[in-house]
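Visitor: I am new to this structure, and I would like to be guided through it slowly. Could we look at it together?

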Amino acid sequence: MVFCPLIRTFAPMEMKTILTNAIKITFPILLGGAILYWMYRGEDFGRFFHVMTEEMNWTWMLLSFPFGILAQMFRGWRWKQTLEPIGEHPRTSVSLYAIFLSYAVSLIIPRIGEFTRCGVLKRYDDISFSKALGTVVTERAVDTLIVMSYSGLILLIEMSIFGTFFQKTGVSLDHLLSQFSLTGYLVTAVCAIAALILLHLLLKNFSIYNKVKMTLSGIWEGVLSLRGVKNLPLYLFFSIGIWVCYFLHYYLTFFCFDFTANLGIGCALVSFVVANFAVIVPTPNGAGPWHFAIKTMLILYGVADEQALWFVLIVHSVQTMLVVALGIYAWAALSFTKRISKDDFSRNEERGMRNEITSA
């Protein structure tokens, strides 16, 4: 009888947590699925497979793969470099596997990859979870600064392209907006609301961290880690290289199709920027918002509606399969990776120093 009130108190709290987690998992999937359904309803998918097998130049798609892989590798190398000043020394291979796996896991539950990769380092290299999470916060801040910088520059440079387009076609902005259907406005509104919900959840999560002294301490230490980065030029190279590789991974796919091959790098840059903001909406790998944003920009540059639809579907699907393949590779590699503790690392470091002294 004594435990009955406790059970009655605990049960609603547990159910609320389960319901909240279920919404966090299902909402992004349903949102992305709804946008894709709206975009591709009534389309002939036989045409989709025909474009993939008969009209697509797979050479350029394969050439884009190394840049997609290199972007993730740069992120892994940069992460290892950020952890070292705060006394954490993960193996390079484990850092890379953690990044590969984090991208793949985020296909199922958006944004969960940040926690996954910190968990991998904790499990295999005994790296402090809270410190690793703090460096992830640092990464996000640096990446946001880079994205905002090049986005403003590119949109400023390419603004003339929009003016030229309107002059040549005689299309005014009012006329362009009138081409949006009620459903188009609805999808845009839903994406904006979803972005606000994501922002609310992130702020809520940070308020939770503030209540936990140990976690807050680890995060703050991670944020301050940039001050101790040994090779700052290399860190900047990795940071810029990540986004250059992301862009090339996307841009080279333009040459896979006749209808995008001659659009030029300006179109690729603008659509890349717009897509970066679209994927803020929490869906698996940006599915839905990414398609909608890229398709809209391609149409603005003169690509036919159907061709734009097939481009975004094929490119996103193939590049997502690459993320899945890297995740599977990382999972398999980690299953053969030996776990080590900080004591193991210290002994190996001391042994290496003794060997160097003996050799000298």
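Visitor: How many of the 14 residues of α4 are buried?

Guide: This is a predicted model, in which local features need pLDDT of at least 70, side-chain atom pairs count only at pLDDT 80 or more, and totals for chains, interfaces and linings use all residues. Residues are numbered from 1 along each chain as its sequence is written, and side-chain values use heavy atoms, leaving out hydrogens and water. Buried means under 20% relative accessible area, with a 1.4 Å probe and protein chains only. Helix α4 is largely enclosed by the rest of the structure, because its buried residues number 10 of the 14.

Visitor: Which helices do the buried residues of α4 pack against?

Guide: Those buried residues include Val-94, Tyr-97 and Phe-100. Counting a contact as heavy atoms within 4.5 Å, the partners are α3 (58-83), α5 (113-125) and α15 (305-335).

Visitor: How far apart are the end C-alpha atoms of helix α4?

Guide: A helix here is a DSSP run (H or I, at least four residues), numbered from the N terminus, and its expected span is 1.5 Å times one less than its number of residues. The 14 residues of α4 (residues 92-105) should therefore span 20 Å, and this agrees with the distance between the end C-alpha atoms, 20 Å.

Visitor: What share of the 360 residues in the protein chain is buried?

Guide: The protein chain has 16 helices and 0 strands. Across its 360 residues, the buried share is 42%.

Note on methods:
Helix = DSSP H or I, 4+ residues; strand = E, 2+ residues; numbered from the N terminus. Buried < 20%, exposed > 50% of the residue type's maximum accessible area, 1.4 Å probe, protein only.
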